[in-house]
Amino acid sequence: MEYINAIGRRKSAVARVYVSEGSGKITINKKDLTEYFPSAILQYVVKQPLNLLNVADKYDVKVNLDGGGFTGQSQALRLAISRALVKINAEDKKALKDQGFLTRDSRAVERKKPGRPKARARFQFSKR
């Protein structure tokens, strides 16, 4: 097995993942997972699909992350890892899908409209 690649998106974050057999090392933009995501919650989110299938120490994951904030990036990465794991073993698809790891969360920031301070907010109305 060489590299299996997949892509995950969330808000404006894009994660390109390359999975290969190894010892469980996750490298994001040439940094270790704990260095890139210091928060334990975000590390947990990234590892969720690997821990669900009990393959956390079986694959090395190399990631190119771009755009968005840290929460969007971690969720984009979770989707990309899940998609790569399905490419490796199609029988894992049901378990990942039941947990919602294969669903692309399409919610993004609504664009600002002209003549308004934000997307839906209006300036205060003054009668006089």
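Student: How do β1 and β2 pair, parallel or antiparallel?
Tutor: Antiparallel, over seven bridges, in this predicted model. β1 covers residues 4–10.

Student: Which residue in β2 is the bridge partner of Ile 7?
Tutor: Arg 16.

Student: And how many residues sit between the two strands of the hairpin?
Tutor: Two. Lys 11 is in that turn, with a positive phi of about 50°.

Student: What does Leu 77 touch, leaving out residues up to four places away in sequence?
Tutor: Ala 15, Val 17, Ile 28, Phe 37, Val 46 and Val 63.

Student: Now rings. How many aromatic pairs are there?
Tutor: Two. One is Tyr 3 with Tyr 18: the centres are 6.5 Å apart and the planes at 90°, so the pair is edge-to-face. Tyr 3 lies in the segment before β1 and Tyr 18 in strand β2, 15 residues apart.

Student: Is Tyr 3 buried or exposed?
Tutor: Exposed, at 54% relative accessibility. Tyr 18 is partly exposed, at 27%.

Student: What about the pair of Tyr 36 and Phe 37, what are its distance and angle?
Tutor: That pair is edge-to-face, 5.0 Å centre to centre with 90° between the planes. Phe 37 counts as buried because its relative accessibility is 1%, whereas Tyr 36, at 22%, counts as partly exposed.

Key: Residues are numbered from 1 along each chain as its sequence is written. This is a predicted model: local features need pLDDT of at least 70, side-chain atom pairs count only at pLDDT 80 or more; totals for chains, interfaces and linings use all residues. Side-chain values use heavy atoms; hydrogens and water are left out. Contact means heavy atoms within 4.5 Å. Two strands pair if DSSP finds at least two bridges between them. Helices (H or I, at least four residues) and strands (E, at least two) are DSSP runs, numbered from the N terminus. Rings of Phe, Tyr and Trp (its six-membered ring) pair if their centres lie within 6.5 Å; planes under 30 degrees apart count as stacked, over 60 as edge-to-face and the rest as tilted. Buried means under 20% relative accessible area, exposed over 50%, partly exposed in between (1.4 Å probe, protein chains only).
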